[in-house]
Amino acid sequence: MKNFMGLDVLYKLKKTTFYKLFFQNKKTFFCFKKIIVFQFLILTFTIKSLSGETFLLKNNEGISFQVDEIANDLGIPWGMVFISPSKLLFTERKGKIGILDTANGKIIRIQGEPQVFAFGQGGLLDVAVSYKYKAGDWIYFTYSKKQSYSGSNKFSTTLARAKLNGNHLVNFNDLFISKPARDSSIHFGSRITFDANGKLFFTIGDRGTRQDAQNLSSHSGSILRLNLDGSIPHDNPFINQKGALPEIWSFGHRNPQGIFYDRKLNRLWSIEHGPRGGDEINLILAGRNYGWPVISYGKEYWGPVQVGE
C-alpha cells in the first residue's frame, strides 16, 4: 500500500504557492527555502510510508490510532474481506487471489480464480462474504468477463461465487452476467454488500455509455439486488414493469464503487465516482433514479464544461 499524499501536496504547492512566491513576493528567497524544507520533510515521510513501517500516528477527539503497512509488492489490490479474525482474503485486479495473515504478513496464493478481462478498469474486482460467514460458506466475487459476439470481444460485469477448500476455490460459477456487454474498458463498478434478510446488492457502472444509466432495459449504471443464489427477489421495484430488467434496485449511477448496508438502521449507502468534482455519497432507495447523466455536479475531465442539463 503506497502513500501518495506527499506527491499530492507537492503538486498543490507547485500550483498554488510556488509560482506566486517566486515571482511576486519580495521575500522570495526565504519563502523558497521554507518550501524546500517542507518538500524534504514530505518526501521523507513518503519514503518512510513505503518502507513497511508505521506511517501515520494520530490522535483525534481523544482517540489514538496508527496506520501500518502489512503487505507490499502487490499489483492493484481491489477487494478484501476477513474470513477469520486474522485472515484477509483479497483480490488483485489482474486476476490473482490471496489470503493475507495479518498477524505475520504472510500471503498464501489461492488457485482456481476465473479468467478475467484485466485491461483498463477491468479485471478481478470485489470479494465479499455474508456477515454470518463461516468456513465452507459461499464467497462472492465480481469481475469483468470477456464474451465474443460475431468475432468481436465485449465485456460484462459478472457476479460469481465459489467455496474455499484449502488453497483452492471450488464450485466456482457465475450467478449473473450483466447486459449489454460493451467493448469499453471503463466503469465496471463493482462492489458487493449484503442485508440481514438473505439479499445481495452489487453495483455496475455505466460502462462508458452514459445514456444506459437512464435505460431500465440495461443493467449499466445501476445497483442490483439478488437472492444469494442469484435468483430475483419477488419484491424488487421493477419486477412487474414492462421493459425493465427485474434485477435493478436503483439506476442513474455513473460508476458506483463503494456500497455498504447498515443492518442496524436497514439503510443502503453507496459512493460513486462522478465526473471531475462530481463524486457522490447516496442513500439508496428502491426504485429511485439518481440522475446520471441528466443531473451531475461535476465537470468534464477534458475541459471546464458542466455535465448534465
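1. Which side chains does a polar contact of 2.8 Å join? The side chains are those of Ser64 and Asn59; a polar contact is a pair of N or O atoms within 3.5 Å, where within protein one must be able to donate a hydrogen and the other to accept it, and residues adjacent in sequence count only if both atoms are side-chain atoms. Ser64 belongs to strand 2 (residues 63–68) and counts as exposed because its relative accessibility is 56%. Leaving out residues up to four places away in sequence, Ser64 touches Lys58 and Asn59, contact meaning heavy atoms within 4.5 Å.

2. The model is predicted, so local features need pLDDT of at least 70 and side-chain atom pairs count only at pLDDT 80 or more, while totals for chains, interfaces and linings use all residues. Residues are numbered from 1 along each chain as its sequence is written, and side-chain values use heavy atoms, with hydrogens and water left out.

3. The chain contains two helices and 17 strands; these are DSSP runs numbered from the N terminus, helices being H or I of at least four residues and strands E of at least two. Of its 309 residues, 43% count as buried (buried is under 20% relative accessible area, exposed over 50%, partly exposed in between, with a 1.4 Å probe and protein chains only). Among contacts between residues at least 6 apart in sequence, 50% join residues at least 24 apart.

4. The whole structure holds 10 aromatic pairs. Rings of Phe, Tyr and Trp (its six-membered ring) pair if their centres lie within 6.5 Å; planes under 30 degrees apart count as stacked, over 60 as edge-to-face and the rest as tilted. Phe117 and Phe188 make a tilted pair, at 6.4 Å centre to centre and 55° between the planes. This pair links distant parts of the chain, 71 residues apart: Phe117 is in the loop between strand 6 (107–110) and strand 7 (124–128), and Phe188 in the loop between strand 10 (168–177) and strand 11 (192–194). Phe117 and Phe188 are both buried.

5. Phe201 and Tyr261 are stacked, because their ring centres are 6.0 Å apart and their planes are at 10°. Phe201 is in strand 12 (residues 199–204) and Tyr261 in strand 15 (residues 256–262), 60 residues apart. Phe201 and Tyr261 are buried.

6. One aromatic cluster is formed by Phe117, Phe119, Phe155 and Phe188. Arg207 lies over the face of Phe188, 3.9 Å from the ring centre. Elsewhere, the charged end of Lys163 sits over the ring of Trp138, at 4.7 Å from its centre. A charge sits over a ring if NZ of Lys or CZ of Arg is within 6 Å of the ring centre and within 35 degrees of the ring normal.

7. The largest nonpolar core has 18 residues; such a core is a set of buried Ala, Val, Leu, Ile, Met, Phe, Trp, Tyr and Cys residues joined through side-chain atoms within 4.5 Å. Residues with the most contacts inside this core include Tyr140, Leu159 and Phe202. Strand 12 gives the most to this core, with three residues. Not counting residues up to four places away in sequence, Phe202 touches several residues, among them Thr142, Leu159, Phe176 and Ile192. A second, separate core of 17 residues includes Ile97, Ile99, Val129 and Tyr133.
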